[in-house]
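Here are a few notes to read alongside the model, written as numbered points.

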Amino acid sequence: MSLAHGRPSIPDRQPVGFAFSDENRAKAEAAIAKYPEGRRQSAVMPLLDLAQRQEGWVSVAAMDVIADILEVPAIRVYEVATFYTMFNLEPVGEFLVQICTTTPCMLRDSDAIVDACRSHLGIDFGETTTDGKFTLKEVECLGACVNAPMVQINDDYYEDLDAAKAVGVLETLARGETPVAGPQNGRRSSEPVSGARTLRGGD
Amino acid sequence: MGGTVKVSIDGVEIEVDKRLTLLQACELAGAEVPRFCFHDRLSIAGNCRMCLVEVERAPKPVASCAQPLMDGMVVRTRGPVAGKAQKGAMEFLLINHPLDCPICDQGGECDLQDQAMGYGKGVSRFEEQKRSVQEKDFGPLVKTFMTRCIHCTRCVRFMEEVAGVPVLGATGRGEDTEITTYIESGIASELSGNIVDLCPVGALTSKPYAFVARPWELSKTESIDVMDAVGSNIRVDARGREVLRVLPRLHEDVNEEWISDKTRFAIDGLTRRRLDRPYVRRDGRLREASWKGALDVVAGRLAGRDGARIAAIAGDQVDCETMYAMKTLLEALDSPNMDCRQDGMAVDPSARASYLFNSTIAGIEDADACLLIGCNPRREAALVNARLRKRWLRGGFKVAGIGPDPDPTLPVANLGAGPESLRRLAAGEGEFAPVLAAAERPLIVVGAGALARPDGAAVLGAARALAENCGAVAGGWNGFSILHTSASRVGGLDLGFAPRAGGRDTAGILDAAGTGDIDTVFLLAADEIDTGGMGGAFVVYIGHHGETGARGADAILPGAAYTEKDATYVNMEGRPQRAARAVFPPGEAREDWRILRALSDAVGATLPFDSLGALRDRMIADTPHLGAIDEIVPAEWAAFGVDGAMDDAPFVSPVPDFYRTCAISRASATMARCAEAFPTPPASGAGD
């Protein structure tokens with residue numbers, strides 16, 4: 001993923017057009033309706049998100065369509081889309097694997113997760129597997145430090161990983177199954193790893 | 001709202017308008033506060049942090065540009081707290097700045113350079129890699145060096161707010177922030193050059209002026225622009241015999257502190273296709289001649305000729321002195337045939353209110369509804385358009401247009417293409433009629449597109465009737481305004497450079513030349529008329545560019561362009577302003593009035609002045625308000641126009657191509673590049 005935001009990173013691979021599906025168009029109108037009259041532009045983030053869910057990424061054509069819908073200059077949409085790292089400005093694989101390497105995850109050995117994912121998928125950060133299934137991305141803190149190390153794959157968090165568990169999650173996805181999201185070491189949410197010691201009721 | 005507050009700034013107690021920001025109050029108190037992002041004509045961003053000052057009882061230094069005033073504020077703009085904060089902000093700004101001043105065009109007139117002298121450390125503590133940013137393509141006028149950018153966003157705000165062409169933005173974030181159009185397109189605005197002035201560093205500089213000169217090498221002359229009829233106040237920077245750049249001068253009532261791109265960048269046309277020596281046609285070919293030889297040929301032609309067979313047409317950039325000298329000479333020759341309206345605009349030379357922008361340009365801000373008839377202000381007078389937009393941004397200002405469907409920078413409701421729509425509006429039909437009727441100060445702007453046509457006088461009459469009926473001329477308000485495109489037009493009409501009793505106008509002169517009724521025609525830099533049908537008439541061209549007018553001439557007397565003479569121009573409001581000579585005319589070219597004076601001598605009808613001062617004294621005696629420099633003498637309302645039948649042909653804007661409207665801009669390579677990069681959309685008349 002390029003960090004140069006001053007221009008589209010893949011000018012040659014931009015689609016010529018974009019249109020919301022009927023369903024997403026209705027959702028877009030619902031998002032716009034949440035804001036007062038004359039404040040349509042406030043719905044720019046929900047609309048970018050809808051476009052990304054529909055296409056997997058946000059193209060310049062999609063941003064232009066959103067600018068038209070919101071009645072703002074196109075540059076105002078480009079500004080927002082380039083500001084947030086969560087908007088993909090170039091195509092990604094079916095599963096976007098975002099590995100957190102910020103300090104708490106790093107201290108819990110996120111480097112091992114990175115190495116495992118790289119060697120398992122055979123790609124580096126910013127790359128997509130040839131079958132178009134996986135894209136690997138290094139990200140800053142995703143706010144799940146108590147369950148470090150963790151990765152985010154599409155909308156789900158997979159936490160309390162080690163190298164083997166991370167590969168296991170990827171293999172499950174590759175088989176077409178959906179691994180159970182959340183901690184992968186058996187604990188529930190962020191309860192103590194060694195089991196509950198307080199608030200245990202009667203015993 | 002109103003009201004004042006008392007604040008203490010660096011120990012100085014002052015009472016100021018409470019709507020000001022703290023930074024403005026500091027300035028009034030005489031304290032200098034450094035700043036980059038703040039600009040008093042743009043919205044407040046508060047992102048450069050350079051203007052931090054210490055406010056008593058505030059927990060930390062505050063950005064004074066974004067700080068409202070409160071009564072009893074005690075402010076220190078210097079001292080340990082503010083000084084340290086300002087020095088810190090400067091150090092951060094310089095961290096990623098390349099410090100390449102020796103190769104930067106902004107060097108010598110750079111806010112960052114100047115303020116680094118006052119607030120910088122002198123040495124850098126930053127040892128890491130500086131960031132670098134790719135250049136952007138902003139078109140043929142604005143050169144970018146984005147690594148120098150400090151992200152003040154003045155350019156972004158200018159394009160959005162003043163120019164109304166919001167194509168610039170800040171993408172990315174943090175270290176990756178860039179000022180860009182994102183999609184790699186030039187900035188298609190008539191005002192884009194102003195972002196070069198606004199940029200406080202060398203990130204945006206002038207492309208045609210790149211690496212040309214340093215500011216201290218230039219002689220600076222305060223003058224007046226003639227590229228349109230706005231009369232923008234400019235500063236002409238020249239070195240030797242060449243004008244190198246044009247910058248705006250502040251005039252609140254005319255151009256504020258902006259100028260159009262044509263004003264700024266057409267100057268390279270001043271050195272191309274110039275007429276630098278006299279020519280006389282012999283054996284069908286134009287041959288070089290001496291001044292004496294050329295003047296003798298023309299004088300020989302005039303001697304003993306019936307005045308009715310002589311005529312003169314003034315071009316769009318001719319100064320008042322030249323027209324006055326020409327008119328005086330024609331009167332001495334007993335000729336009534338003269339006109340300063342190349343396009344045949346049907347205004348009434350005897351009724352000044354019929355050809356002035358009566359509301360004045362600043363007066364646009366007082367209007368509460370606007371009707372544009374046959375004009376596209378964006379192309380015809382970019383700064384009038386900027387003023388309309390400024391008024392519209394304040395709210396409560398509906399604008400409608402009849403005529404060419406413009407590509408406006410403010411919403412304009414199109415009511416139709418031609419006179420039929422005007423008739424319907426006058427009859428009270430449509431949604432805009434009640435708006436106009438309810439407006440207290442309606443503004444009716446009529447352009448050459450509506451008047452420079454065979455039924456122009458009828459359109460003028462209809463527009464006047466509409467203005468009177470909707471209350472556009474009442475109670476000290478005159479909202480009937482003619483939008484001119486020619487810098488010479490109002491001055492010429494004021495001087496009476498129009499058909500005298502029994503005389504012919506431009507179309508009449510051209511016809512009569514074709515039929516042989518007129519056989520000697522003076523063209524004063526008149527290049528926008530079709531000279532093809534002038535038949536065997538003897539044409540004397542007095543002007544500065546070898547163009548359409550000179551091509552068919554029989555004698556060419558090379559004159560001076562607007563940067564080469566001291567001259568009076570009257571803008572569309574009727575405001576006389578004085579341009580000053582920045583450079584000498586090239587070669588043997590002379591100031592136009594001197595040419596006419598010398599010619600009059602050769603003819604034996606010597607003009608009664610032999611200095612510019614004497615000419616001006618006589619001119620002002622004849623037309624007193626031309627002596628009231630920079631003052632507008634309001635025109636008295638009168639009956640003008642005719643009540644006649646109007647053709648149904650749609651109005652067409654007289655400016656098909658913003659970048660090339662006169663001999664200078666047509667000779668300019670920069671303007672040619674602009675016209676190619678930003679083709680004017682075809683001005684289509686919207687269907688009724």
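1. Let's begin with one contact you can find by eye. A:Arg76 forms a salt bridge with B:Glu160, and their closest N and O atoms lie 2.1 Å apart. Please keep in mind that this is a predicted model.

2. Between chain A and chain B the count is 2 salt bridges. There are also 10 residue pairs in polar contact between these chains, with both residues at pLDDT 80 or more.

3. Which elements of chain A give two or more residues to the side that touches chain B? They are helix H3 (60–70) and helix H4 (74–83). H4(A) gives the most, with 6 residues.

4. Now for the extent of the interface. The contact draws 18 residues from chain A and 20 residues from chain B. About 1600 Å² is buried between the two chains, and carbon and sulfur atoms give 53% of that area. On the chain A side, A:Gly6, A:Arg7 and A:Ile75 lose the most area to chain B, together 34% of what that side buries.

5. Finally, a look at chain B as a whole. Chain B has 21 helices and 28 strands. Its radius of gyration is 27 Å, close to the 26 Å that the globule rule gives for 688 residues, so chain B is as compact as a globular protein of that length. Its C-alpha atoms fill a box of roughly 85 × 60 × 50 Å along the principal axes.

6. Within chain B, buried residues make up 59% of the 688 residues. Of the contacts in chain B between residues at least 6 apart in sequence, 70% join residues at least 24 apart.

Methods: Residues are numbered from 1 along each chain as its sequence is written. Chains are lettered from A and ligands numbered from 1 in the order in which they are written. This is a predicted model: local features need pLDDT of at least 70, side-chain atom pairs count only at pLDDT 80 or more; totals for chains, interfaces and linings use all residues. Side-chain values use heavy atoms; hydrogens and water are left out. Contact means heavy atoms within 4.5 Å. Buried area is the accessible area (1.4 Å probe) that two parts lose on being put together, summed over both. A salt bridge is a side-chain nitrogen of Lys or Arg within 4 Å of a carboxyl oxygen of Asp or Glu. A polar contact is a pair of N or O atoms within 3.5 Å; within protein, one must be able to donate a hydrogen and the other to accept it, and residues adjacent in sequence count only if both atoms are side-chain atoms. Helices (H or I, at least four residues) and strands (E, at least two) are DSSP runs, numbered from the N terminus. The radius of gyration is taken over C-alpha atoms; the globule rule is 2.2 Å times the number of residues to the power 0.38. Buried means under 20% relative accessible area, exposed over 50%, partly exposed in between (1.4 Å probe, protein chains only).
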